Amino acid sequence: MSLRLRLVLAAAYVFVVVVIALEVPLAVTIERQRISDFRPSVLGPAALTASTIADEVARISAAATGTKPEPPHPTMSIEQAVRHYAASSGSRVVVVDQPGRVIYDNAGEATPGTLYATSRRPEFGLALAGQVYSAERYSTSLGQQLLIVAVPVIYDGRTVGAVRFTAELGAVEAEVHRTWFRMGLVGLVVIVAGLVMAWFLATSIARPVDRLEEAAVRLGQGDLDARASPEGPGELVTLARSFNRMADALAANIAAQRDFIANASHQLRTPLTGLRLRLEALEAEGGEAGEEARRATAEIDRLATLVQELLLLASASEAGAAGQRVDLAGLAQDAADRWRPQAERAGSAIRLVTGPPAAVWADRRDLEHVLDNLLENAIRYAPPGSEVTIEAGRRDSGGMLVVADSGRGIPEAERERIFERFFRGETGRRTGPGTGLGLAIAAELVRKWGGELRLAEGPGTRFEAMFPRPTLS
Ligand code: ADP
């Protein structure tokens, strides 16, 4: 997961937690507040209805129980009072007398005279006992919350009946839900705006890291001028400066190493050439001294080869070389053409096998040198009549170069040491002079480009160079 994504996810987590922590309690409070705001709008009309119809209910209750004389005739009938007071809340209103029988139901559902204050309707019991009842209840038949308010009807200090107002909370709840929805939208906008800001912030942190990584990759690929620009947060600026100091030191070291190799090469070659010329002059004079001079010239040749190979080995392990995309099939074809005449002179045949097109990131001259060393060995050490195969292609996702011969192979006891510097095997010693540096140089050059040179199982001798997939193309 990228640094940018991690930072944005961390910010998203914080925003979501904060929005939930703030909005959920607020939503609950808003719901409670709306319902408690609605309660007086039902309770008030219920109380007013109860007081307005008190004398009439008292008269009806008295008539029902036959205990008291009729009170005076009311100014407003029960029906008028209920219609008047219930209109604002849209409530269903049921009025019962003292024994709990229906006097009036504005919904017309309960038949007047039937007992209504049963245990299923405890609000009537409480109201008839002189208490005010107010509660919410879910109605399965209506499929919504109801607010039930029951108040006693008091006449002359006595409870003569009860009035129940039942208001649907659907509208209130719908309003609450609309508020919740608006709050949710605001929360979402806050989260999205926060995430956009977090993205910009994360980008401002991640960009310098990306640039630093780019510079490190370029430096690793040999671009010694690659530097990071010190930008972004303080820690990254410090890191970029440290990186640049390291790159400066590395570039200076490599330059010094290159200068040394170039100078050493020049300084060693000049006296060797001078020596050889003098020996050749002595050789031309003939006689015993001339014969000695001829032998000494052969030694000088060996010394020159050794010097050349040592310098090559030193420059092979040098870091910081710039590469290019090298097509392996083309490289193998050129090597086959280059070595064919020499192979024929040695009585061997060169066979070229190319697989699917493959390219690696390297210096072409380095890879040519690897093939030259391996082919020279194969032609030299495999007996006449052998076949030398060059293979170029792909293995796994990387590039592959193989040089194999149908000779006797490398003895088991020597296989482990074959890439050691100055190691010469039994075949090498038997065949003639050599430095024992050819395979060490080849292995170093392959390693320089991220690959690995290994000795594979025979028949014959088979060297395989494996390279990773090119990172740049
Ligand atoms: P040099 O050829 O100078 O001896 P190298 O490093 O190239 O040095 O090779 C080291 C040794 O590996 C050789 O001396 C030889 O014994 C052995 N060798 C290398 N290539 C082959 C080959 N194709 N077949 C047999 N032996 C080999």
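Arg164 lies in strand β5 (residues 158–168) of this predicted model. Helices (H or I, at least four residues) and strands (E, at least two) are DSSP runs, numbered from the N terminus. At 6% relative accessibility, Arg164 counts as buried. Here buried means under 20% relative accessible area, exposed means over 50%, and partly exposed lies in between (1.4 Å probe, protein chains only). The side chain of Arg164 makes a polar contact of 3.3 Å with that of Thr166. A polar contact is a pair of N or O atoms within 3.5 Å; within protein, one must be able to donate a hydrogen and the other to accept it, and residues adjacent in sequence count only if both atoms are side-chain atoms. Residues up to four places away in sequence aside, Arg164 touches Arg92, Val93, Val94, Tyr116, Arg121, Glu123, Phe124, Ile148, Val149 and Ala150. Contact means heavy atoms within 4.5 Å.

Residues are numbered from 1 along each chain as its sequence is written, and side-chain values use heavy atoms, with hydrogens and water left out. As the model is predicted, local features need pLDDT of at least 70 and side-chain atom pairs count only at pLDDT 80 or more, while totals for chains, interfaces and linings use all residues.

Glu123 is placed in helix α4 (residues 122–128). Its relative accessible area is 0%, so Glu123 is buried. The side chains of Glu123 and Arg137 are joined by a polar contact of 3.1 Å. Beyond four places in sequence, Glu123 touches Tyr133, Arg137, Ile148, Ala150 and Arg164.

Arg121 sits in the loop between β2 (102–105) and α4. Arg121 counts as buried because its relative accessibility is 17%. With neighbours within four places in sequence left aside, Arg121 is in contact with Tyr116 and Arg164. Phe423 is 302 residues from Arg121 in sequence, and their C-alpha atoms are 107 Å apart in space.

The protein is divided into domain 1 (3–174), domain 2 (234–316) and domain 3 (324–467). These bounds come from an automatic or database domain assignment. The C-alpha centres of domain 2 and domain 3 are 25 Å apart. Nine residues from domain 2 and 13 residues from domain 3 make the contact.

Helix packing was examined for α5 and α6. Two packed helices are described by the angle between their axes and the distance between the axes. Helix α5 (residues 170–220) packs against helix α6 (residues 234–285) at an angle of about 10°, and the axes are 11 Å apart. Axes are lines fitted to C-alpha atoms, for helices over the stretch in contact, and angles run from 0 to 180 degrees between N-to-C directions. The two helices are therefore roughly parallel to each other. Angles under 35 degrees count as roughly parallel, over 145 as roughly antiparallel, 65 to 115 as roughly perpendicular and the rest as oblique. On the α5 side, the contact is made by Ile205, Pro208, Val209, Leu212, Ala215, Ala216 and Leu219. Helix α6 contributes Leu236, Leu239, Ala240, Phe243, Met246, Ala247 and Leu250. The residues of this contact comprise 14 nonpolar, no polar and no charged. Ala, Val, Leu, Ile, Met, Phe, Trp, Tyr, Cys and Pro count as nonpolar, Asp, Glu, Lys and Arg as charged, and the others, Gly among them, as polar.

Tyr13 lies in helix α1 (residues 3–52). Tyr13 is exposed, with a relative accessible area of 59%. Its C-alpha atom is 10.0 Å from that of Leu195, which is 182 residues apart along the chain. Thr305 is found in helix α7 (residues 287–316). At 36% relative accessibility, Thr305 counts as partly exposed. A polar atom of the Thr305 side chain lies 2.8 Å from the backbone oxygen of Asp301. Thr305 and Ala21 are 284 residues apart in sequence; C-alpha to C-alpha, they are 79 Å apart in space.

Positive phi values occur in two loop residues. Asp396, a residue other than glycine, has phi near 50°. Asp396 is placed in the loop between β9 (387–395) and β10 (398–405). Its relative accessibility is 74%, so Asp396 counts as exposed. Phe422 is not a glycine either, yet its phi is positive at about 70°. Phe422 is found in the loop between α10 (412–415) and α11 (426–431). With a relative accessible area of 47%, Phe422 is partly exposed.
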